Amino acid sequence: MLGLISPGQNGQITPTELCQKCLSLIKKTKFLNAYITVSEEVALKQAEESEKRYKNGQSLGDLDGIPIAVKDNFSTSGIETTCASNMLKGYVPPYNATVVQKLLDQGALLMGKTNLDEFAMGSGSTDGVFGPVKNPWSYSKQYREKRKQNPHSESGDSDWLITGGSSGGSAAAVSAFTCYAALGSDTGGSTRNPAAHCGLVGFKPSYGLVSRHGLIPLVNSMDVPGILTRYVDDAAIVLGVLAGHDPKDSTTVPINKPLVLSSLEDVSKLCIGIPKEYLVPELSSEIQCLWSRAADLFESEGAKVIEVSLPHTSYSIVCYHVLCTSEVASNMARFDGLQYGHRCDIDVSTEAMYAATRREGFNDVVRGRILSGNFFLLKENYENYFVKAQKVRRLIANDFVNAFNSGVDVLLTPTTLSEAVPYLEFIKEDNRTRSAQDDIFTQAVNMAGLPAVNIPIALSNQGLPIGLQFIGRAFCDQQLLTVAKWFEKQVQFPVIQLQELVDNCSAILENEKLASVSLKQ
Amino acid sequence: MAAPMLRWGCRGRRWALACVDGGSCHRRGAPTGSTSNRIRGQSSVAQQPLHTAQKPRKGEHKWAAVVGLEIHAQISSNSKLFSGSQVRFSAPPNSLVSFFDASLPGTLPVLNRRCVEAAVMTGLALNCHINKKSLFDRKHYFYADLPAGYQITQHRLPIAVNGSLTYGISAGKECGQVIPKMVRVKQIQLEQDSGKSLHDDLRSQTLIDLNRAGVGLLEVVLEPDLSCGEEAATAVRELQLILQALGTSQANMAEGQLRVDANISVHHPGEPLGVRTEVKNLNSIRFLAKAIDYEIQRQISELENGGEILNETRSFHEKLGCTVSMRDKEAKQDYRFMPEPNLPPLLLYDATSLPTGADPQQVINIDQIRETLPELPSVTRERLVQQYGMLPEHSFTLLNEVGLLEFFQNVMKETRAEPKKVTSWVLNIFLGYLKQENLAVSESPVTPSALAELLDLLDSRTISSSAAKQVFEELWKREGKTPGQIVSEKQLELMQDRGALEQFCYSVMKDHPQVVMDVKKGNPRAINKLIGLVRKATLNRADPAVIKEILEKQLSS
């Protein structure tokens with residue numbers, strides 16, 4: 001695996017050794033709450049098989065023997081899949097999501113299922129039934145040193161930071177070196193947002209490029225499996241495995257040629273668009289400054305950088321609210337306690353059983369969205385809300401089409417308003433307010449089905465990661481990642497330093513080596 | 001619209017359900033109680049609402065009834081509408097359930113090509129406009145045999161619209177003519193069937209069988225152009241024949257492959273339409289006619305007695321022969337329709353719009369389907385009338401009885417008898433025997449070959465028609481004898497010896513001088529009595545025409 005595993009470098013290691021190292025790290029970082037389920041036995045068995053293949057010279061490819069993690073809203077055969085909800089506690093799917101199956105078919109090792117906001121509804125990874133996910137950067141040398149300089153900061157663990165969400169568990173898992181790539185899901189920014197807060201590449205492919213079969217849906221028309229890795233090349237490798245038509249998902253399209261990421265030497269033929277509507281007052285000055293410096297970087301290397309307008313951006317949040325809650329109301333209807341999942345003890349009547357089961361099974365956020373969604377779908381409201389929101393969605397999508405038609409190749413925007421905030425700060429606002437604020441730069445992309453990627457650019461004054469977002473044309477994922485890779489190379493984002501956290505975890509954690517492990521042949 | 005109703009008053013119900021894990025679905029218990037096929041809502045006798053506002057207007061005007069039908073036909077396909085599970089009637093419960101059918105989270109619908117083709121065929125046969133773009137929607141309601149909490153249907157833009165169904169109403173037994181009638185087809189939509197609830201009232205349990213969940217349905221919506229039970233029944237019968245001819249549905253009502261809901265209202269002609277009721281669970285054509293006629297009469301007498309018709313759902317009580325209110329507390333539930341986001345619009349093509357180089361496996365060509373349409377029942381009937389000179393009514397009867405047309409055609413192939421004779425024997429005698437014993441054509445003890453042989457014997461005047469009936473009765477006993485064998489064993493051949501017959505006639509006239517006198521006095525009926533006596537004397541083996549000829553000759557000499 002490029003970036004991850006560069007053959008020929010030192011630090012050769014067998015898949016089983018690698019798997020054990022990661023399992024040991026998972027145990028050491030248990031307090032991060034990144035994993036809901038650790039599939040230790042499965043992973044070790046897969047590692048053993050991988051090792052046999054390597055010994056026989058029959059490696060399946062770049063992902064063979066590579067530890068990965070999967071967000072707990074993807075179905076995994078024989079492994080509990082909870083969506084961080086009481087409703088699905090104990091639910092063991094009988095089948096693998098297509099994306100999971102594809103990774104396993106390539107010999108990847110499934111380390112476990114990662115934490116999230118309940119049913120992926122949230123932007124903090126704080127609202128799941130298994131508790132919040134802690135951002136590994138809270139414990140990084142970079143952040144700790146900055147905090148020592150600040151006389152007001154308290155010592156101790158109470159000021160830990162959120163990961164962002166909803167794929168916070170996946171982000172924390174990759175960030176803390178417990179795996180090399182993780183699947184997230186992205187409906188309004190749920191992969192890119194935690195990637196920005198955890199200093200990772202967070203890639204949301206074009207809608208229709210990657211199968212959703214087996215992904216427990218939030219909003220079917222916007223959900224996309226997301227990829228979290230440390231480097232763009234790794235994301236491209238995973239995308240290469242996942243992309244393509246799936247007969248089990250009628251919204252996927254065939255791809256003509258395999259995805260290969262070349263190195264971009266020259267950006268002078270590129271046109272980078274800067275959407276003016278993304279410069280909002282709430283944007284932190286630090287991020288604004290980095291955004292501007294990034295644009296300058298492109299310009300100084302010969303790219304054309306122009307301001308573009310996406311005039312309907314401001315309607316995105318409210319439009320998303322209507323469409324998201326409506327689909328949520330519909331998608332959640334199947335959780336009635338009959339076929340699978342939680343069922344209450346009440347048996348007075350079927351209706352009473354439904355009501356109590358859903359009351360006990362869903363948290364306030366989920367129930368709130370179901371309620372709103374059902375309101376919007378009522379016969380008397382459908383035209384005024386749902387149909388209007390669909391029209392606005394079309395306008396938002398057309399904004400992007402117009403921008404790209406004006407000659408822009410890639411849009412460059414912030415991913416988040418600010419760096420990661422402490423948990424105690426985050427929970428001062430409710431989930432709905434937070435989601436609305438935090439998705440502001442990421443959500444419109446889902447409405448338009450475009451590919452987008454978060455690339456970490458630098459550390460903030462506080463020593464926390466800041467990322468920027470690149471948005472590409474629909475199904476031009478390869479071009480987008482090529483640009484992102486060039487940018488990644490320019491900015492040289494620092495690797496997280498977690499020695500203090502996992503001090504005795506031997507050589508594998510010395511970051512340079514970790515980033516370039518190679519498996520023994 | 002299929003508007004499944006929530007059970008009213010299901011206190012104390014417990015669920016013993018299919019458990020879904022580990023890759024297969026097993027039932028935990030066997031149903032011991034009554035099974036009900038989509039009968040939702042406890043039947044209860046309707047409370048008569050007290051309304052005195054309207055004055056009785058008995059006899060003032062005539063009433064007219066307005067009847068519209070919604071017909072659900074299960075598509076005859078190997079697999080379900082959106083999943084790969086098999087479709088089979090009476091398989092062990094929950095043995096035909098895929099992960100999608102059980103609505104496991106993360107599963108997605110994949111449209112079955114065969115179901116789309118069946119919808120297009122049916123649309124074309126019903127003279128519909130086929131929409132080249134149609135859409136799928138979710139219709140939400142909670143019910144235990146609807147695992148996803150919604151049904152995927154075509155609410156906004158169905159696959160076929162604006163068609164017509166021509167059927168024929170008998171003008172009366174004597175003239176044998178059939179009056180053609182037409183009902184407009186509003187639309188045909190593709191949708192999923194639900195599972196079945198098996199209520200065990202004894203144990204207060206409901207068991208769920210998901211074998212039917214997700215089977216493809218064609219919902220055929222007829223405009224309210226019908227005016228009585230007979231029209232509705234005949235129209236549904238015609239639709240059934242069309243579906244069976246197309247092979248798009250087995251359309252067997254007893255097996256639930258064809259289910260009909262009727263919307264019924266009455267009004268005075270020239271005045272606005274009345275409030276309508278919906279009658280559900282009509283699972284035979286006979287009950288359909290009965291239920292509609294009962295409901296029309298109920299509404300008329302309700303209104304004439306100053307009552308009011310409620311917009312409600314009623315079900316037909318087969319034993320009592322009446323409709324009863326389902327008293328559904330959620331009658332006005334909002335289905336919260338929403339586009340199905342996991343299915344792209346369904347696009348169909350014709351010869352002109354077919355993209356060049358399109359993979360035939362990936363597209364459906366309407367024109368190509370049109371070319372493969374089989375002969376429709378109306379054409380078959382016309383052909384029978386033309387080819388065999390039979391009455392239109394007889395052509396209807398031949399098609400209406402399952403297998404009868406084929407039986408008739410097989411007899412025709414093997415006999416020298418006139419088509420009219422064959423028609424008469426098949427429709428009167430053969431069908432009469434079947435009906436008397438309540439048998440299907442396929443269960444008949446008499447084969448087409450045997451009947452053909454019998455009719456040949458009749459045609460060659462080897463036996464008389466009364467002897468033929470005797471032979472038929474013998475054949476019906478399944479003793480494995482051919483008509484020829486029966487005739488010779490029972491000595492049923494007509495007397496060919498004229499001298500002997502003349503002797504019989506002479507004896508009869510001698511023994512019955514009074515009757516002979518009557519004939520001579522000019523009583524025209526008296527000769528028939530003599531003929532009868534001669535036939536009796538010959539043990540029915542003489543041809544009456546020959547007897548008459550001999551008698552007349554002897555009387556006049």
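In this predicted model, the side chains of B:Glu295 and B:Arg314 meet in a salt bridge, with an N to O distance of 3.3 Å, a salt bridge being a side-chain nitrogen of Lys or Arg within 4 Å of a carboxyl oxygen of Asp or Glu. The pair links distant parts of the chain, since B:Glu295 lies in helix 3 of chain B and B:Arg314 in strand 16 (residues 313–317) of chain B, 19 residues apart; helices (H or I, at least four residues) and strands (E, at least two) are DSSP runs, numbered from the N terminus. B:Glu295 is buried, with a relative accessible area of 0%, and B:Arg314 counts as buried at 4%, where buried means under 20% relative accessible area, exposed over 50%, and partly exposed in between (1.4 Å probe, protein chains only). Both residues belong to a network of salt bridges that also links B:Arg298 and B:Glu312.

Residues are numbered from 1 along each chain as its sequence is written, while chains are lettered from A and ligands numbered from 1 in the order in which they are written. Local features need pLDDT of at least 70 and side-chain atom pairs count only at pLDDT 80 or more, whereas totals for chains, interfaces and linings use all residues, and side-chain values use heavy atoms, with hydrogens and water left out.

Helix 3 (residues 285–304) of chain B also holds B:Gln299, which counts as buried because its relative accessibility is 0%. Leaving aside neighbours within four places in sequence, B:Gln299 is in contact (heavy atoms within 4.5 Å) with residues including B:Ile264, B:Val275 and B:Ile309.

Over all chains, the count comes to 39 salt bridges. Another of these joins the side chains of B:Asp261 and B:Lys280 at 3.1 Å, N to O, and it links strand 14 (residues 258–267) of chain B, which contains B:Asp261, with strand 15 (residues 277–282) of chain B, which contains B:Lys280. B:Asp261 is buried, with a relative accessible area of 8%, and B:Lys280 likewise counts as buried at 8%.

Two packed helices are described by the angle between their axes and the distance between the axes. Helix 8 (residues 419–437) and helix 10 (residues 465–476) of chain B pack at an angle of about 40 degrees, with their axes 12 Å apart; axes are lines fitted to C-alpha atoms, for helices over the stretch in contact, and angles run from 0 to 180 degrees between N-to-C directions. Among the residues that make the contact are B:Trp425 and B:Phe430 of helix 8 and B:Phe472 and B:Trp476 of helix 10.
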